[in-house]
Amino acid sequence: MRAWVARSGRLKLEEVPDPSPGSNELLLRVHSISLNRGELRTVARAADGFVPGWDVAGIVVSPAPNGIGPKEGQRVAALLP
């Protein structure tokens, strides 16, 4: 998958490994993210490899294995920790 990754205080679009969700997490095909001023300031001082973006919207590719949450194919918006 592709993600914006911090490299030397700047953002670079890179290929990164696919995530492996836990038992209470779903896999989302992200269609859009939002980066706010605070996140961009964090990137300036973040360690290389930091992936910003906690506002996301997309479609559930794989629901949580424990059955909680949205089902496959549902459109969702999320604020991640």
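**Aspartate 48 and its surroundings**

Visitor: What does aspartate 48 touch, leaving out residues up to four places away in sequence?
Guide: Aspartate 48 touches Ala6, Arg7 and Ser8. Keep in mind that this is a predicted model.

Visitor: Where is aspartate 48 found?
Guide: In a loop. That loop runs between helix 1 (37-45) and strand 4 (55-62).

Visitor: And how far apart are aspartate 48 and serine 8, in sequence and in space?
Guide: They are 40 residues apart in sequence. C-alpha to C-alpha, the separation in space is 6.3 Å.

Visitor: Which atom of serine 8 lies 2.7 Å from a polar atom of the aspartate 48 side chain?
Guide: The backbone nitrogen of serine 8.

Visitor: Serine 8, then. Buried or exposed?
Guide: Exposed. Serine 8 has a relative accessible area of 67%. Its place is in the loop between strand 1 (2-7) and strand 2 (10-15).

Visitor: What is phi of serine 8?
Guide: Near 55°. That is a positive value in a residue other than glycine.

Visitor: New topic: glutamate 14. Which strand is it in?
Guide: Glutamate 14 is in strand 2.

Visitor: Is glutamate 14 buried or exposed?
Guide: Buried. The relative accessible area of glutamate 14 is 16%, so it falls under the 20% cut-off.

Visitor: Which side chain does the glutamate 14 side chain make a polar contact with?
Guide: That of arginine 7, at 2.8 Å.

Visitor: What else does glutamate 14 touch?
Guide: Beyond four places away in sequence, glutamate 14 touches Met1, Arg2, Ala3 and Val5, as well as Arg7. Arg7 is also among the residues that aspartate 48 touches.

Technical notes: Residues numbered from 1 in each chain as written. Predicted model: local features only at pLDDT ≥ 70, side-chain atom pairs only at ≥ 80, totals over all residues. Heavy atoms only, no water. Helix = DSSP H or I, 4+ residues; strand = E, 2+ residues; numbered from the N terminus. Contact = heavy atoms within 4.5 Å. Polar contact = N/O pair within 3.5 Å; in protein donor to acceptor, adjacent residues only side chain to side chain. Buried < 20%, exposed > 50% of the residue type's maximum accessible area, 1.4 Å probe, protein only.
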